[in-house]
Amino acid sequence: MLDNKKVSYSGVQPSGNLTIGNYLGAIKNFSAYSDEYKCFYCVVDSHAITVRQVPAELRRRTYETLALYIACGLDPDKNTLYVQSHVPAHTELAWILNCFTMFGELSRMTQFKDKSERHADNVNAGLFTYPVLMASDILLYQTDVVPVGVDQKQHVELCRNIAARFNQLYPDTFTMPEPIISKDSMKIASLQEPTKKMSKSDENVNAVVYILDDKDTIIRKFKRAVTDSETCVRYAPEKHGINNLMTIYSCYTGKTFEEIEREFDGKGYGDFKLAVGEACADALAPVQQKFNELIADKAYLETLMKKGAEEAAYYARKTLSKVKRKLGFVQ
Ligand code: AQP
């Protein structure tokens, strides 16, 4: 709680062009909290450097991610939108929490295992301690809820363990956060390897639909989506490709799987893929229009970054000084 309001906190890495996985799994759900909660949504650039980034691209994507937050419906007057590296308290708390996190816990994180396989030439300590920085992001703001995609649930659970361990030694320091995985935020899978999650850093651009892809590109990517040798649109546990397309269609249209099966009864995969592509492109069109207006005004985005960082730093400093006091640091 902050200022007598519950707190919602989440973030997205500017580590690639944002995908419909980031949108459906996370960003789309952020605005649900804007009216009743105190909301902090961060562009987590310090997390992004756990994987090598091209500096000019990281800079560009940091602006773009902020613009996309707003284009996706986050009102900057109701939500604190800011860039992680502008608030040094995040990394300061991360060091402290590193001393309350066990090596074994971090070794069990599936994202670490996945990313260290994908980036075998750069298994750095930051990649390993990534969840501790994420715990600091969350705990600094006395967060109650963390709306994330299901792939981040394990990290929020680790954050809860760290908070519980710290609170046991130093009572009443951190609020215990809850992950919020909404019904819609199922894992959106790659269009080319549907057993894997859709990721913005995937090298195969046909596997990923970006929020800023144009309509023709979106439709082409869905047409090429890997499915199976059957033709009828129906959910079955082993049909990963078609299940993924049904999930995406359901997110955009609000239809249940039964309704989708009825709608495409007697039609083939071709008709279904086209419908998914059109639903997705139509839903993204207003987001893209708003994004184009915002990204043209860099000065406005910089003003927002500054205001957001000041607001966030105010609350972050309070928690950090409480933590330091409890630990026995001379202040
Ligand atoms: N495929 C997905 N389905 C549902 N939710 C997803 N999220 C990401 N991909 C999917 C959710 O988006 C939020 C922001 O993610 P992130 O930027 O912090 O990092 P990530 O989870 O590692 O996302 P990516 O796209 O896979 O990035 P890279 O390729 O850089 O690692 C989170 O809430 C996440 O759950």
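Visitor: Which residues are buried in α3?

Guide: This is a predicted model. In α3, the buried residues are L58, R61, T62, Y63, E64, T65, L66, A67, L68, Y69, I70 and A71.

Visitor: What makes α3 "mostly covered"?

Guide: The count does. Buried means under 20% relative accessible area. In α3, 12 of its 17 residues are buried.

Visitor: How do you know that the span of α3 agrees with a helix of 17 residues?

Guide: Helix α3 runs over residues 55-71. At 1.5 Å a residue, its 17 residues should span 24 Å. The end C-alpha atoms are 24 Å apart, so the two values agree.

Visitor: What comes just after α3?

Guide: G73 does, with a positive phi of about 115°.

Visitor: Why is N244 called buried?

Guide: Its relative accessibility is 5%. The cut-off for buried is under 20%. Therefore N244 counts as buried. N244 sits in helix α10, residues 240-253.

Visitor: What makes the pair of N244 and A189 a polar contact?

Guide: A polar contact needs N or O atoms within 3.5 Å, with one able to donate a hydrogen and the other to accept it. Here a polar side-chain atom of N244 lies 2.8 Å from the backbone nitrogen of A189. That distance is within the cut-off.

Visitor: Which residues does N244 touch, leaving out those up to four places away in sequence?

Guide: N244 touches K187, I188, A189, S190 and L191.

Visitor: Which domains does the assignment give?

Guide: Domain 1 covers 6-181 + 298-327, and domain 2 covers 205-292. From domain 1, 13 residues take part in the contact; from domain 2, 14 residues do.

Visitor: How far apart are the centres of the two domains?

Guide: Taken over C-alpha atoms, the centres of domain 1 and domain 2 are 30 Å apart.

Visitor: How much area do domain 1 and domain 2 bury between them?

Guide: About 1,200 Å², with 82% of it on carbon and sulfur atoms. On the domain 1 side, I20, L24 and A71 lose the most area to domain 2. Together they make up 42% of what that side buries.

Visitor: How many salt bridges and polar contacts link the domains?

Guide: The salt bridge count between domain 1 and domain 2 is zero. Two residue pairs are in polar contact.

Visitor: Which elements give two or more residues to the side of domain 1 that touches domain 2?

Guide: They are α1 (20-30) and α3. The most comes from α3, with five residues.

Technical notes:
Residues numbered from 1 in each chain as written. Predicted model: local features only at pLDDT ≥ 70, side-chain atom pairs only at ≥ 80, totals over all residues. Heavy atoms only, no water. Helix = DSSP H or I, 4+ residues; strand = E, 2+ residues; numbered from the N terminus. Buried < 20%, exposed > 50% of the residue type's maximum accessible area, 1.4 Å probe, protein only. Contact = heavy atoms within 4.5 Å. Expected span 1.5 Å × (residues − 1). Domains from an automatic or database assignment. Buried area = accessible area lost by both parts, 1.4 Å probe. Salt bridge = Lys/Arg side-chain N within 4 Å of Asp/Glu carboxyl O.
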